[in-house]
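Happy to walk through this one with you. Let's take a look at how two of its parts meet.

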Amino acid sequence: MSNRVVVGTQWGDEGKGKIVDILTGEADIVARFSGGANAGHTVVIGDEKFILHLVPSGILHQNKICAIGNGVVIDLEHLFSELEELEKRRIKYRGRFLISRNAHLVMPYHKAIEKLEEEARGKGKIGSTGRGIGPAYRDKIAREGIRVIDLFDSELFKQRVEWNLKINDNLLRKLSKTELASLKKKSLDILKFIRKVKPLIADVGLYLDQAIRKGKSVLFEGAQGALLDIDFGTYPYCTSSTTTVGGVCTGLGVSPVLIGEVIGITKAYTTRVGNGPFPTEEKAGVCDILRERGNEFGATTGRPRRCGWLDFVLLKYSFRINGISKIALTKLDVLDSFEKIKVCVGYRYKGKLLTEFTPDLRTLENCKPVYQELAGWQKSTKGITEFKRLPDKAKRYLDYIAKKLKTPIWIVSTGTKRDQTIRL
Ligand code: GDP
Ligand code: IMO
Ligand code: MG
């Protein structure tokens, strides 16, 4: 099998976890390249539900190797609690889980800083997941960050913690003296993870390159979605990392020539969680149906997700940036009850029809989506595993999507469980 990348093509939560779990069966190694514990990837196996945040979803296959690359920001406290939780559920990770020595750490002060900043932003807040992601990446880019490897020089580590607290003094002084002292202690206490981290660290780029050259195949697990990308997303209402395919190279140290297929995970409608523009958002009625049938509540924060119709302006853009070779279309069953299904084919703004995506916030916030209406199928597709068993109108919806995006649909997901899937 060639090396595959799985990326979200919308605003995250497209169902990457489920698809990664399925494709892990055909790979030898699963590697995460970006984001951190802001991700929430759900995998349902039988009656058991797992939500993975930092650990690649591939971990649920007991014989596969999982790796976290340098592009991921790691909250060690979170990581080990996630791993221990998995162990309690009989998922063993020792001996098959690697973390890059160059990955940056999310420190306790990052989460404190983020909380203070979000409060200060007031109405303009990003609505982040509160996992310290923005401040951790900011420190990385500003060359103030602390990497996994820095744990092994405790003097340097302590100096960097002191320095970071000092340069953030303006914000952190909003905390009481006791809160500040406790934050400093918590930050220095991260050193205690050395013992647990040591057996896991690796030169992940070298490891993957050698494995690929020996004929092993890698599944690159993306987090978030294209519209949350730091460069291509709805800035500043986005995350702080490269969520698109380029992140594989910069976030794992893997050459682009080793990437085979790019699988675009696309939800049959659109959702987003947190603030920011969303042209096809539906406020009530349709949103309530999608949210209820699709159980659209954040896997990380539990927040209700904003819901709306499929948007081809946005998808065409994200397919172009990612070079999507095949589509995995998820949550088709959520649309089962609609008599009419709308799809957005353009944005009307100041009298003009826009068919290419624009990163301009004002346009995205004020444009009116131009819809085409397709016939709904009003029959259950839940759990269908064969294409031929789908209602004709559902087949037409799939055909329309594939044609519009000039990309074949390869997988259709019709429920949360592993086997509720159609392979084309
Ligand atoms: P991710 O972040 O992209 O991995 O997606 P999330 O796990 O945050 O959100 C996707 C949600 O949809 C999860 O609750 C999944 O269990 C669920 N899900 C995935 N595929 C399907 C599907 O085809 N139908 C339905 N009804 N639910 C699905
Ligand atoms: P998965 O991998 C959906 C959103 C947050 C917020 C913005 C910035 O499960 O698809 P951050 O904490 O990253 O600084 O938040 O990005 N966000 C996600 N939304 N799915 C995710 O991940 C997300 N990760 C971050 O809600 O709007
Ligand atoms: Mg999610």
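**The interface of domain 1 and domain 3**

Between domain 1 and domain 3 the count is 5 salt bridges, each a side-chain nitrogen of Lys or Arg within 4 Å of a carboxyl oxygen of Asp or Glu. This is a predicted model, where local features need pLDDT of at least 70, side-chain atom pairs count only at pLDDT 80 or more, and totals for chains, interfaces and linings use all residues. Residues are numbered from 1 along each chain as its sequence is written, and side-chain values use heavy atoms, with hydrogens and water left out.

Q: Which residue forms a salt bridge with D47?
A: The closest N and O atoms of the pair are 3.9 Å apart. The partner of D47 is K417.

Q: Which element gives the most to the side of domain 1 that touches domain 3?
A: Elements giving two or more residues there include β1 (4-8), α1 (16-24) and β3 (41-45); helices (H or I, at least four residues) and strands (E, at least two) are DSSP runs, numbered from the N terminus. With 6 residues, the one that gives the most is α1.

Q: How much area do domain 1 and domain 3 bury between them?
A: Buried area is the accessible area (1.4 Å probe) that two parts lose on being put together, summed over both. Carbon and sulfur atoms carry 59% of it here. The total is about 3500 Å².

Q: Which three residues supply 20% of the area that domain 1 buries against domain 3?
A: Their share is more than that of any other three residues. They are Q10, W11 and K18.

Technical notes. Chains are lettered from A and ligands numbered from 1 in the order in which they are written.
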